[in-house]
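Hi everyone, thanks for making time today. Let me put the structure up on the screen, and then we'll walk through it together.

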Amino acid sequence: MEKSYSYPLDLDWSTEEMITVVEFFQCIEAGYENGIKAADLNDAYNNFKNIVPSKAEEKTIFREFKSVSSLEPFTLVKQLKISRPEDILKV
């Protein structure tokens, strides 16, 4: 999948926080492209939630990401909640 969009980032975040958020969105992309191990997505999502603890802010960022990429992060996060760590998640 060719990416020609920008990730939704908050300029108040540190460089490390931005990298963590980008890594989470790269996991979402992987889930759409080839699939991703649930444990890997879980780790990335937990790291993302350390930066974006608010559910409202998460929804806003997910919406922004979907609008630029056409990928819905919530779909994979929902799968994550009912999966085992060794499962491969794919949309």
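Let's start on the outside: Arg84 is exposed, with a relative accessible area of 52%. Keep in mind throughout that this is a predicted model. Arg84 has a salt-bridge partner in Asp87, where the closest N and O atoms are 3.0 Å apart.

Salt bridges that share partners also join Lys49, Lys55 and Glu58 into one network. Overall, the count comes to 5 salt bridges.

Now, the inside. The largest nonpolar core has 25 residues, and Phe24, Phe25, Ile28, Leu41 and Phe48 have the most contacts inside it. Helices 1, 2, 3 and 4 each supply at least two residues of this core, and helix 1 gives the most, with 7 residues. If you click on Leu41, you'll find that it touches residues including Phe24, Ile28, Leu76 and Leu80.

That brings us to helix 4. Its buried residues are Pro73, Leu76, Val77 and Leu80. Looking down the axis of helix 4, these buried residues fall within an arc of 100 degrees, so they line one face of the helix. Their cover includes helix 1, helix 2, helix 3 and strand 2.

One last stop, at the start of helix 4: a side-chain oxygen of Glu72 comes to within 3.2 Å of the backbone nitrogen of Phe74. Glu72 also forms a salt bridge with Lys66, the closest N and O atoms being 3.5 Å apart. Lys66 itself is partly exposed, at 40% relative accessible area.

Thanks, all!

Methods: Residues are numbered from 1 along each chain as its sequence is written. This is a predicted model: local features need pLDDT of at least 70, side-chain atom pairs count only at pLDDT 80 or more; totals for chains, interfaces and linings use all residues. Side-chain values use heavy atoms; hydrogens and water are left out. A nonpolar core is a set of buried Ala, Val, Leu, Ile, Met, Phe, Trp, Tyr and Cys residues joined through side-chain atoms within 4.5 Å. Buried means under 20% relative accessible area, exposed over 50%, partly exposed in between (1.4 Å probe, protein chains only). Helices (H or I, at least four residues) and strands (E, at least two) are DSSP runs, numbered from the N terminus. Contact means heavy atoms within 4.5 Å. The arc is that of the directions from the helix axis to the C-beta atoms. A polar contact is a pair of N or O atoms within 3.5 Å; within protein, one must be able to donate a hydrogen and the other to accept it, and residues adjacent in sequence count only if both atoms are side-chain atoms. A salt bridge is a side-chain nitrogen of Lys or Arg within 4 Å of a carboxyl oxygen of Asp or Glu. Lists of a residue's contacts leave out its neighbours within four places in sequence.
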